[in-house]
Amino acid sequence: MRKIALYNPLAVFFDMPLALLSIGSCLDTEKYQVDIIDARVDEDSDEKLLESCNGALCLGVTALSGAPLKDALRVTRMVKRHYPEITIIWGGWHPSLFPVEILEEEKSIDISVYGQGEVTFKEIVNALDFNTDLQSIRGIAYRRDSGVVKTPARLMTDMNELTSVNYDLIDVEKYFKAKGKRQFDYISSTGCFFRCSFCADPFVFKRKWTAISPKRMVGELAHWHEKYGFTDLNFQDETFFTYKDRSVEIAEELIKANLNISWAATMRADQGVRLEKSDFLLLKKSGLRRALIGVESGSQEMMDWLKKDIKIEQVLECADRCREFGISAQFPFIVGFPEESDKSVRDSINFIKVLREKSTLFQTPIFYFKPYPGTAITENAAKNGYELPVTLDAWSEFDFVDSKGGPWVSDEKYELIENFKFYSKMAWGKHHWVFTPLKKFAKWRCKKDFYKIPVERFLINKLRNRVELS
């Protein structure tokens, strides 16, 4: 039996390594032993990886731009030093965006996979095992004497044709422990039909979408629920509620299975308004506890520029439905886009206040736009002189979550946003009773848009060691 080593790099989140589970599950268990090493939850992960790579047919690494990429590079180079003959394959978001470039730069990477990877990886393993040519495999780049060869893209495979994910390839309990709750991760669909100009999904999946049938999905979940006893389910789909009928059928199947779990998923506002009140009631009954509804901006003009293809009124209608049925919701916002006006930022702040006043179950995180490869906005920014990282090491320093964003965010705008984030959290967040006076003052500040002389920050720092602010 040949060994296949798979590696998930260090990161700050503890979602189960669904991409590695998916490609590992597609392999013949009678022919291949799949070892998944996850640096986030496995102690002595370097030693375990080197042990797994000893005599292995190949090493597969999933790579995401930023800090995970740094660790992916480190272990790739480490393994190649110890086992120069091993074939190292990279997949994930960064290789999907730069399949040729990473091979031209980094000689320790032998093959890159772009796009949907399950069938592609299975074909690569088969080619390596039987020493056949890689040229006929779609969706990869690989190195030849003449240089790097990129094969044509692979058409999206219907997820119902793929092997069910085998969660026994990982120690599920480690992820429950890392999360602090018995939360199970699952992907029921791949891709997205939409064209948002700040998102790389249209570039990678070409606005295609495929999903597992509700009956099969709930059957699989029932199997894993019986084995692992999870209490919460986190769908990692880009757009879970793509079709109304499918959403309703999923809810019906979950109720029928009587799993007695809660669950969370992504919802576009235009998808939410297509659901009737009776549908929301059914979803709530099935365990829906939270919907993540991307807003991005409180300005309709900015929404249109972002090609969100939703209306402010649709967001408000979704918010009202979630409030009516006691469903919590996250409404993420993004500020700091190129050419974004001060009015657009103010509109977002004002819209956030409207949403927060609707329900204590609502959250409105604010992020700064950071030019991510593969997005239309980033391409335009680069044409206008913005310099993207050009090496893997530079991309490994890229921070697209916790950062100020690009040069379009002035110090004044950054200070405004950071102050508003602080005071909106004080005003509408859950907190210890000792903060009640500060909560009232914070609401007054937000109502008046007065954020100067932030003495509360000093008081919070004094109290932080005694009382935790949520």
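This section describes the overall form of a predicted model and then the surroundings of selected residues.

The chain contains 20 helices and 17 strands. Along the principal axes, the C-alpha trace extends over about 70 × 55 × 45 Å. Of the 470 residues, 54% are buried. When contacts between residues at least 6 apart in sequence are considered, 74% of them connect residues at least 24 apart. The accessible surface amounts to about 21,900 Å², and carbon and sulfur atoms contribute 52% of this area. Charged side chains number 67 positive and 68 negative, and a distance of 6 Å separates the centres of the two sets.

Aromatic side chains were examined next. A pair of aromatic rings is described by the distance of the centres and the angle of the planes. The chain holds 31 aromatic pairs. In one of them, tyrosine 167 and phenylalanine 184, the ring centres are 4.3 Å apart and the planes meet at 40°; the pair is therefore tilted, as this angle falls between the limits of 30 and 60 degrees. Tyrosine 167 is located in the loop between β7 (147–150) and α7 (172–179), whereas phenylalanine 184 belongs to strand β8 (residues 183–186), so the pair ties together parts that are 17 residues apart in sequence. Both tyrosine 167 and phenylalanine 184 are buried. Tyrosine 167 also forms an aromatic pair with tryptophan 224, with 5.4 Å from centre to centre and 65° between the planes, an edge-to-face arrangement. This second pair links distant parts of the chain, since tryptophan 224 lies in helix α9 (residues 214–228), 57 residues from tyrosine 167 in the loop between β7 and α7. The relative accessible area of tyrosine 167 is 2%, so this residue counts as buried. Tryptophan 224 is likewise buried, at 7% relative accessibility. Elsewhere, one aromatic cluster is formed by Phe198, Trp305, Phe337, Phe369, Tyr386 and Trp408.

Two residues other than glycine with positive phi values were also examined. Asparagine 131 has phi near 55° and is placed in the loop between α6 (118–130) and β6 (140–144). With a relative accessible area of 71%, asparagine 131 lies over the 50% limit and is therefore exposed. For glutamate 339, phi is about 70°. This residue is in the loop between β15 (333–335) and α15 (342–358), and its relative accessibility of 69% classes glutamate 339 as exposed.

Lysine 358 is part of helix α15. Leaving aside residues up to four places away in sequence, lysine 358 touches Leu316, Ala319, Asp320 and Arg323. The C-alpha atoms of lysine 358 and alanine 269 are 16 Å apart, with a sequence separation of 89 residues. Lysine 413 lies in helix α18 (residues 411–428). At 10% relative accessibility, lysine 413 falls under the 20% limit and so counts as buried. With residues up to four places away in sequence again left out, the contacts of lysine 413 are Glu340, Ser341, Asp342, Val345 and Trp408. One of these, Trp408, is a member of the aromatic cluster that also includes Phe337.

Tryptophan 90 is in strand β4 (residues 87–91) and is buried, with a relative accessibility of 0%. Its C-alpha atom lies 5.8 Å from that of glycine 60, although tryptophan 90 and glycine 60 are 30 residues apart along the chain. Phenylalanine 435 occupies the loop between α18 and α19 (436–448). The relative accessible area of phenylalanine 435 is 0%, and this residue is accordingly buried. Between phenylalanine 435 and isoleucine 460 the sequence separation is 25 residues, and the C-alpha atoms are 8.7 Å apart in space.

Key. Residues numbered from 1 in each chain as written. Predicted model: local features only at pLDDT ≥ 70, side-chain atom pairs only at ≥ 80, totals over all residues. Heavy atoms only, no water. Helix = DSSP H or I, 4+ residues; strand = E, 2+ residues; numbered from the N terminus. Buried < 20%, exposed > 50% of the residue type's maximum accessible area, 1.4 Å probe, protein only. Contact = heavy atoms within 4.5 Å. Areas by Shrake-Rupley, 256 points an atom, 1.4 Å probe, with all protein chains shown as cover. Lys, Arg positive; Asp, Glu negative; His and termini not counted. Charge placed at Lys NZ, Arg CZ, Asp CG, Glu CD. Phe/Tyr/Trp six-rings, centres within 6.5 Å; stacked < 30°, edge-to-face > 60°.
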